[in-house]
Amino acid sequence: MKERWLEVKPGADERQEAWFEGWKSGENIPFVDDQAKEAYRKRITLIKDAIQMKKAPERIPICPSAGFFPIEYSGITVYDAMYDYDAMGRAWDKFHADFAPDTYSSPFIIVPGKVLDILDFTLCRWPGHGLARESQYQYVEKEYMKEDEYQDLIDDPTGFFLNIYFPRIFGAMKTFENIPLPVFPSVNEIPCVPPAMIPFGIEETQTALKKVMEAGDEAMKWFGAIMQIDGSIIGTGRPSFMGGFTKAPFDVIGDTLRGTREVLTDIYLHPEELKEACERLTPLMIKAGVGSCRATGHIMPFIPLHKGADGFMSDEQYRTFYWPTLRKLIIGLIDEGLVPLLFAEGGYNQRLEVISDLPKGKTVWWFDLTDMEKAKATIGQVSCIAGNAPLSLLCAGSPDEVKAYCKKLIDVAGKDGGYIFSTGASIEGSRPENVKAMLDFVKEYAVYR
């Protein structure tokens, strides 16, 4: 296990090309006309050239992160978007029509509120469920995995999530803790079949399964709405900037299993269990990234990085606990031909040297508050870099200040290619005139002559 995904396997270049061609083909996309289809392909070519770093694209791709901004801009609330899928679609159509970025920012972050209601989801508060209708989500951070449960996670991750984690975060699945999952491997002898089925005959289990089915029905309605929004906007010639999802193994544990305080304490009190659990989760997170990209036909799985930012841990701790399995995740995805899109939230100035240990032209590192001159000189020599247009400036600055910052950013990060223009974070709260000034300026200025 520990020797896997250390180096890229032969054939990764060919697999990447196949993924790019599949994405670029636009198969099954309802383009409004041939001009839109051609624009779609040209924009993917811009992104591909920036990623592979073999030549500079014709211009820098413009791929801002919309976040909740379309909701604010259209005048509805987050609650409206979560419970009224038509309202969500109108908001996203308006944003893309009025601001015309190169890529489509999917409303995947706008989860269906009815699904959360049905499942009695307790991991978060959301608009209309503990928060005002205008609010965004808030995580309720707790020890959803106790410190003495590392071995349970290591021994059987799937069993742990079904038997222990889900009953703690879904009120509707509380009875799942009574399903004896370890019995299932023994169901290779006929006398073992009836005992394995007994938990599913219990009234509480059947009620829980009906709730899951009800949530599934509502999730399908939401998914249908998302697919319709996808088709209407991508069909105008704007490819999605990302199309899959996975997480760093350390963040799986630190975000919503152990919690921030607890996982950082575990570095000192349970270092070996923490490292082993990260190793155990790595192949599962590779499969999650590959599976989600296969479902969308997209080449870039999105990987938000949380606990590895500057200030959360020392450089030595990052190299010991965070980077080894993150790197294996990256290599595993590259082996499949994918291009990991790593969103380094916060600052990553202390990490730039270590994360540069990657093959060239295989990843995108999307930075929030990182020094882009340093990023260009380090990780930018082997990876396409993106981001850094600051949310603070878009919220509180003037259009002229926004344009001045964008010029400096492009001159530094965009030199000789290998850069995708994006914001350092999603743009909710931004002044619309600043967003327009940013995008209009970049369209005109970010051309390689």
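Which residues form a nonpolar patch on the surface? They are V187, V193 and M197, with about 220 Å² of accessible area together. Patch members have over 30% relative accessible area and no salt bridge, and nonpolar side chains (Val, Leu, Ile, Met, Phe, Trp, Tyr) are joined within 5 Å. The areas come from the Shrake-Rupley method with a 1.4 Å probe, and for residues only the protein chains shown count as cover.

Before going further, note that this is a predicted model: local features need pLDDT of at least 70, side-chain atom pairs count only at pLDDT 80 or more, and totals for chains, interfaces and linings use all residues. Residues are numbered from 1 along each chain as its sequence is written, and side-chain values use heavy atoms, with hydrogens and water left out.

Helices here are DSSP runs (H or I, at least four residues), numbered from the N terminus. M197 is partly exposed, because its relative accessibility is 45%; buried means under 20%, exposed over 50%, and partly exposed in between (1.4 Å probe, protein chains only).

**Salt bridges**

Searching the whole structure turns up 23 salt bridges, each a side-chain nitrogen of Lys or Arg within 4 Å of a carboxyl oxygen of Asp or Glu. Here are some of them.

| Pair | N to O distance |
|---|---|
| K48 and E17 | 2.9 Å |
| K247 and D255 | 2.6 Å |
| K275 and E272 | 3.3 Å |

The K48 and E17 side chains meet in a salt bridge. K48 is in helix α2 and E17 in helix α1, so this pair ties together parts 31 residues apart in sequence. K48 is buried at 17% relative accessibility, while E17 is partly exposed at 27%. For the K247 and D255 pair, K247 is buried at 15% and D255 is buried at 12%.

K275 and E272 are 3 residues apart in helix α13, so about one helical turn separates them. An α-helix has 3.6 residues a turn, so residues three or four places apart point the same way. K275 is partly exposed at 28%, whereas E272 is exposed at 51%. Elsewhere, salt bridges that share partners join R43, R59 and D102 into one network.

**A kinked helix**

Helix α8 (residues 157–169) has a kink of about 25° at N163, shortly before the proline P167. That bend is the angle between axes fitted to the seven residues ending there and the seven starting there. Both N163 and P167 are among the buried residues of α8, and those buried residues pack against α7 (150–155), α11 (249–256) and α13 (271–296).

**Two buried helix residues**

N434, in helix α18 (residues 432–445), is buried at 0% relative accessible area. Its side chain reaches the backbone oxygen of G397 at 2.9 Å, a polar contact (a pair of N or O atoms within 3.5 Å; within protein, one must be able to donate a hydrogen and the other to accept it, and residues adjacent in sequence count only if both atoms are side-chain atoms). Leaving out residues up to four places away in sequence, N434 touches residues including L393, S398 and P399; contact means heavy atoms within 4.5 Å.

K376 belongs to helix α15 (residues 372–377) and is buried at 12%.

**Positive phi in two loops**

N28, between α1 and α2, has phi near 75° and is exposed at 74%. M53, between α2 and α3, has phi of about 60° but is buried at 19%.

Terms used. Patches are made of residues with over 30% relative accessible area and no salt bridge: like charges are joined within 9 Å, nonpolar side chains (Val, Leu, Ile, Met, Phe, Trp, Tyr) within 5 Å.
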